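Hi,

Here is the structure I promised to send over.

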Amino acid sequence: MAQTDTKKIFFENLSGAGKAIAVLTSGGDAQGMNAAVRAVVRMGLYVGAKVYFIREGYQGMVDGGENIKEATWESVSSMLQVGGTVIGSARCKEFRSHEGRLKAALNLVKLGITNLCVIGGDGSLTGANLFREEWSGLLTELVEQGSIEPQSVQTYSALHIVGMVGSIDNDFCGTDMTIGTDSALHRIIEVVDAIMTTAQSHQRTFVLEVMGRHCGYLALVSALACGADWVLIPEMPPDDGWEEKMCEKLSANRAGMKRLNIIIVAEGAIDANNKPITTDFIKDLVVKRLGFDTRVTILGHVQRGGTPSAFDRILASRMGVEAVLALLETTANTPACVVSLCGNQSVRLPLLECVEMTQEVQKAMDEKKFEEAVKLRGRSFQNNLKTYKLLAHRKPESELPHSNFNVAVLNVGAPAAGMNAAVRSAVRVGISEGHKMFAVSDGFEGFYKGQIKEIKWADVGGWTGQGGSLLGTKRTLPAKHVGKIAEQMRTHNINALLVIGGFEAILSLLELLTAREKYEEFCVPMVMVPATVSNNVSGSDLSIGADTALNAITTTCDRIKQSASGTKRRVFIIETMGGYCGYLATVAGLAAGADAAYIYEEPFDIRDLQANVEHLTEKMKTSIQRGLVLRNENCNDNYTTDFIYQLYTEEGKGVFDCRKNVLGHMQQGGAPSPFDRNFGTKISAKAMQWVSKKLLETFRQGRVFANSEDSCCLLGMRRRALIFQPVVQLKERTDFVHRIPKEQWWLKLRPLMKILAKYKTSYDVSDSGQLEHVVHSIPRDSDASVAM
């Protein structure tokens, strides 16, 4: 891989030789911490630094001895898929004292450690920053005691700190998602989905308590992801008289033929007077006022446990590498920082600014300034709350605006998990905006056949957690049937189109745009929301359905690798979907710890295959027992999955044996992940609001007429923001032959995957995080985690 930029081959400028980095996990554990530890160790070793584990958090740092051990490449093998933290975590009272920190400093200086990577919550990171500030004074004190030599003060003059936030609560300001949050949402949604079936059978109401003593993120996002009837969070206590309103809502839903109710409560939920709202109080309230059969489920530490999701593994791996880069670039004057992701970009934020803002949230809540607390949580939290209110609480007919506009929603292309959440969101937002919503079955095939009917608020109840496409979807393009489609548009007086789909959706909008010259019926606002497991849509870094597919691949790879435990050395060749787009193979490879991932975008030949086999053979001889190789289905016409399997089998004789597996359509199936549910919900709501705005702008002389380029758009995530882009402009950025974008952001993750698999390769740091201030870290209109 040719690299020309001077920042790209960084170990010439940013060598870790002679440096010692220690990594510790502190405070509560979170899924994904092990992936972060693994990335720090392997990236540290890759740049030539010595890397140490500090076991049991700050307690291990204070106690020293066997608690601080040098890490090797092999010592972090087979930990990527393990929940919790294998190096242990403990709360340490002793470290809070000056004497404790003095002991910790001595233990670090003995080993020459002056670079600390701390994975924990705000308390752990605050403690690390205090330690850094006291460092020179502690060393002076140790010299006075005779514990270290005077020259050590000069040699180890500065302690450098980089933090990664590991917390399932997502309660740290300045970062979109903390390590463990997505996995905790997976646990919650798995339980909610399971509870819904039993609740429906018995017509029950379930009150679920989720974690979040001071932060309602888990409660809010899980309520959004499952379409809960009511949610209670500490940042936004309900108004006085909420009990009556909640019971009215539950009763109205039952009257509307809904057989169950779900109420989600954050463990720190309070009312407007700061009085706790407990699950038992809500249960007694529902039973007393409505007589509904009501049950309480407290999820507890289930939310902390289990295997980390694909999102958390990728997040933690990227942050671990970024943490090492930050430590290598730091100087004595560099403030302690936190590494994070904003959208899909790495950012570095001053640790103290983040901690101060996090503390301001709690202060605002204590002072009953709840709206301020919500704002301080960040734009993503605000958007989650706004979207939940919009979708969960229907306004009375008398309060709805009456626009007299008809909007049609349809799915196009292959099914993708999360499509139904997007349709539900579009329908309910459209109704809230006063439109009459129409559902088109079976894509454009159903459109020209007239399979169009009005869809109401209650019709999409319970759709959020459903996989596939309940509307039905086909790959049929409209060009051959534009006349009949125009006729149906005229018959039903369709004033706008919302298309949810993959590459076929882009092609469809381009064809309808061309048809405007002949048919005025298509001179209406049209918007596309990307939904495809392949994630191959130009104009959007992420597509609905890709996260669910990634989790399916990652989980399967985990099971396949586990199947070989206790047997002789074995390599698995796994074929993934994606057409010509290597997104799934690459990112799943990073999440599952693959040794290689073959994709169309990065051409390879027999010499590359031979080098990969030799590399894996060498690793098998010295350390690992299982190897994993992913292959995108269309990466090469000649180097098929069978060919690669046979090559590895032949060349690995005497060292390892081989197995192959074609994952197929299981990557498209299953219930959508929390990420895809929320991404689908929020992006579709934004698209519908754009439609409403365009309808008002283009309504002239009693009709809608929109024929400008910007009236036919794709809404996609670009770096840190959701952006509307005219589909005409996407033509230049698209390879239509291979159905992929010409530029793809995730290709920058490939060297990272190779480094973590022990390949010597160059790594592009030109896009690595720069130190930003918290107040500037969230751009206007960003929906940063965008999905979450």
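Threonine 279 is buried, at a relative accessible area of 4% (buried means under 20%, exposed over 50% and partly exposed in between, with a 1.4 Å probe and protein chains only). Threonine 279 sits in helix H9, residues 279-290; helices (H or I, at least four residues) and strands (E, at least two) are DSSP runs, numbered from the N terminus. Leaving out residues up to four places away in sequence, threonine 279 touches Val207, Glu209, Val265, Val296 and Ile298, where contact means heavy atoms within 4.5 Å.

Before you read on, a word on the source. This is a predicted model, in which local features need pLDDT of at least 70 and side-chain atom pairs count only at pLDDT 80 or more, while totals for chains, interfaces and linings use all residues. Residues are numbered from 1 along each chain as its sequence is written, and side-chain values use heavy atoms, with hydrogens and water left out.

Now the cysteines. The structure has zero disulfides, a disulfide being a pair of cysteine sulfur atoms within 2.5 Å. For cysteine 226, the nearest cysteine sulfur belongs to cysteine 215 and is 17 Å away. Cysteine 581 is in no disulfide either, and its nearest cysteine sulfur, that of cysteine 635, is 13 Å away. Cysteine 226 counts as buried at 7% relative accessibility, and cysteine 581 is buried at 1%.

Cysteine 226 also turns up in a helix pair. Val221, Leu224, Ala225 and Cys226 in H7 meet Arg677, Asn678, Thr681 and Lys682 in H22. By class, that contact has four nonpolar, two polar and two charged residues (Ala, Val, Leu, Ile, Met, Phe, Trp, Tyr, Cys and Pro count as nonpolar, Asp, Glu, Lys and Arg as charged, and the others, Gly among them, as polar). H7 (residues 217-226) and H22 (residues 674-698) pack at about 80°, with axes 9 Å apart; axes are lines fitted to C-alpha atoms over the stretch in contact, and angles run from 0 to 180 degrees between N-to-C directions. H7 and H22 are therefore roughly perpendicular (65 to 115 degrees; under 35 is roughly parallel, over 145 roughly antiparallel, and the rest oblique).

Last, helix H3 (residues 98-110). Its buried residues include Gly100, Arg101, Leu102 and Val109. Among the elements that cover the buried residues of H3 are strand S2 (50-54), helix H2 (57-63) and helix H4 (122-145). Just after H3, glycine 112 takes a positive phi of about 70°.

Cheers
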